[in-house]
Amino acid sequence: VVPSVALLAQVDVFARYVVMLPEFFAPRPRVGPGRFVFDFQRPRGADNAELVREMKESGVFKSSEVEAAFLAIDRGQFVPRDAIDSAYEDGPLRCRNFHLSQPSLYSDAVHALELELGVSVLNVGCGTGYLSCIISEITGPSVHHGVDVHEEVLEHARSMFQKLNKPFIKFFRVNALDLDLEQSMLYDRIYLGACAGGDAKRLLDLLAVGGILVGPFETSQGQFFRRVRRRSETEFEVENLKGVQFATLKCPTAESPKFVLPYPAWTPETSGSYPRRFIAALRAVLTCTYRRGCSAGLLPRDIWISQIFGFVHPRWFDQPLGDTRVEILEDGTQRPMGAEGEVDRARHARETLELLARHGLLVFGRAPAVPAGEDAGDPFGLLAPPPPAEGSQEESSDQDSDEEVTSSAEEHSEDMYLRDT
């Protein structure tokens with residue numbers, strides 16, 4: 001009888017633990033950027049159409065135009081065959097050098113880029129071209145360039161462009177940090193597929209005035225998915241969208257020659273892709289041809305347009321910027337553009353372990369349940385600061401410290417996942 005009672009008691013304990021497993025794996029906010037989530041219910045489909053339908057039901061798409069773009073481009077065609085089982089899951093995909101972020105993150109990027117018909121696009125870390133093809137469904141056959149360092153991936157991308165009849169998308173094998181920022185083309189939209197920080201922020205120099213860049217940036221608080229809008233030659237408006245975790249841009253292993261991203265051949269039809277100062281200079285020359293005594297009038301206008309303007313470098317008329325770039329933050333404050341520090345990875349690892357311990361204690365330690373909508377607090381004191389030394393601070397200072405931690409958690413706990421993309 002006694003062994004039977006003991007066995008029944010063990011079965012009862014096991015059953016209680018099984019019942020509490022959903023609560024254990026439920027998402028909870030973390031301290032620091034983003035949100036730490038056990039996510040076992042990502043949208044998943046048997047094919048691309050079903051994946052898009054699942055994403056739509058999850059509220060991923062904010063416009064029918066973006067939904068149609070994702071529906072037109074089959075994600076399964078941009079992954080290697082040995083990874084096809086994960087092609088239609090809303091999650092990151094990594095197989096050798098083939099790296100694709102999750103479709104829902106790409107959807108956020110497409111919305112943040114505010115795409116329009118005819119805008120020029122640069123995709124840094126372009127990979128197999130999945131995102132570029134989606135973007136081209138909205139922008140049309142405009143100038144679209146991409147850079148990556150893996151030739152195997154670029155060959156796959158070029159074959160897909162040919163198959164989908166998108167020859168206007170051009171990818172180049174080059175490290176983004178080897179680009180000639182003073183001679184390369186300026187773009188209306190730029191997407192960063194890897195985290196930038198420090199000197200890599202100079203890639204913003206490739207953004208045309210009025211253009212938008214979206215991508216991850218490294219800060220002392222972690223990585224943030226940002227939208228950067230270039231308001232003038234030297235002013236950049238910065239908006240943090242959510243916390244993320246990306247691989248960083250690879251530094252060149254050796255000194256390499258600078259690579260120039262080319263402008264399309266100049267014609268009156270392609271002049272919209274050229275810098276404003278270049279267009280203003282050409283207009284000044286053409287206007288001068290109507291004036292008596294102007295040297296430009298010695299040649300017919302048709303000669304200038306068909307034989308001369310095409311050989312003028314588009315960046316000849318740029319003014320040197322030096323190091324005067326300024327970032328304008330969301331609260332309106334300004335700061336010089338530069339490195340924003342590096343995240344304390346040891347601290348984030350410690351916070352993650354504390355969060356896991358908190359999950360376990362809340363479930364298995366039988367902490368009192370907290371009604372929905374209320375803060376769970378810190379019932380086990382895992383995240384509480386050490387007690388102050390005698391006579392060092394009053395009790396009110398401890399309260400202020402707790403408020404700072406709470407506000408930080410609320411500020412960074414976006415309604416998105418902290419995923420390894």
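Helices (H or I, at least four residues) and strands (E, at least two) are DSSP runs, numbered from the N terminus.

**Ground rules**

I am working on a predicted model, where local features need pLDDT of at least 70, side-chain atom pairs count only at pLDDT 80 or more, and totals for chains, interfaces and linings use all residues. I count residues from 1 along each chain as its sequence is written, and the side-chain values use heavy atoms, with hydrogens and water left out.

**Entry 1: positive phi**

I looked up Asn165, which sits in the loop between helix H6 (151-163) and strand S5 (169-173). Asn165 is not a glycine, yet its phi is positive, near 60 degrees. Is Asn165 buried or exposed? I use these cut-offs from here on: buried means under 20% relative accessible area, exposed means over 50%, and partly exposed is in between (1.4 Å probe, protein chains only). With 61% relative accessibility, Asn165 counts as exposed.

Glu114 went into my notes next, with a positive phi of about 50 degrees although it is not a glycine either. I find Glu114 in the loop between H4 and strand S3 (121-124). Its relative accessibility is 33%, so Glu114 counts as partly exposed.

**Entry 2: salt bridges**

Side chains of opposite charge can pair when their charged atoms come close. My cut-off for a salt bridge is a side-chain nitrogen of Lys or Arg within 4 Å of a carboxyl oxygen of Asp or Glu. How many salt bridges does a search of the whole structure find? It finds 21.

I wrote down a few of them. Glu151 and Arg158 meet through their side chains at 3.1 Å, N to O. Glu151 is partly exposed at 25% relative accessibility, and Arg158 is partly exposed at 32%.

Asp205 and Arg202 make a salt bridge too, at 3.5 Å, N to O. Here Asp205 is buried, with a relative accessible area of 8%, whereas Arg202 is partly exposed at 32%.

Then I checked Arg277 and Glu233, whose closest N and O atoms are 4.0 Å apart in their salt bridge. This pair links distant parts of the chain, 44 residues apart: Arg277 is in helix H7, and Glu233 is in the loop between strand S8 (222-230) and strand S9 (235-244). Arg277 counts as partly exposed at 32% relative accessibility, and Glu233 counts as partly exposed at 34%.

**Entry 3: a pocket**

Rolling a probe the size of a water molecule over the atoms shows where empty space is left. For my notes, a pocket is an open set of points, on a 1 Å grid over the protein atoms alone, where a 1.4 Å probe fits, with protein on both sides within 12 Å along at least five of seven lines; lining residues have an atom within 4 Å of a point.

I looked at the second largest pocket, which holds about 780 Å³ of space. That volume is the space filled by probe spheres set on the points, with grid points joined across faces, edges and corners. The lining has 33 residues, and Leu186, Arg230, Glu233, Arg315 and Asp318 lie nearest the centre. Strand S6 (187-192), strand S7 (207-219) and H7 each supply at least two lining residues. Which element gives the most to this lining? S7 does, with five residues.

By class I get 12 nonpolar, nine polar and 12 charged residues in the lining. In this count, Ala, Val, Leu, Ile, Met, Phe, Trp, Tyr, Cys and Pro are nonpolar, Asp, Glu, Lys and Arg are charged, and the others, Gly among them, are polar.

**Entry 4: a surface patch**

I found Leu298, Leu299 and Ile303 making a nonpolar surface patch of about 280 Å². Leu298 is in the loop between helix H7 (276-288) and helix H8 (301-308), and it is exposed, with a relative accessible area of 71%. Patch members have over 30% relative accessible area and no salt bridge; like charges are joined within 9 Å, and nonpolar side chains (Val, Leu, Ile, Met, Phe, Trp, Tyr) within 5 Å. The areas come from the Shrake-Rupley method with a 1.4 Å probe, and for residues only the protein chains shown count as cover.

**Entry 5: Tyr106**

Tyr106 lies in helix H4 (residues 103-113) and is buried, at 8% relative accessible area. I put its C-alpha 9.6 Å from that of Tyr130, which is 24 residues away in sequence.
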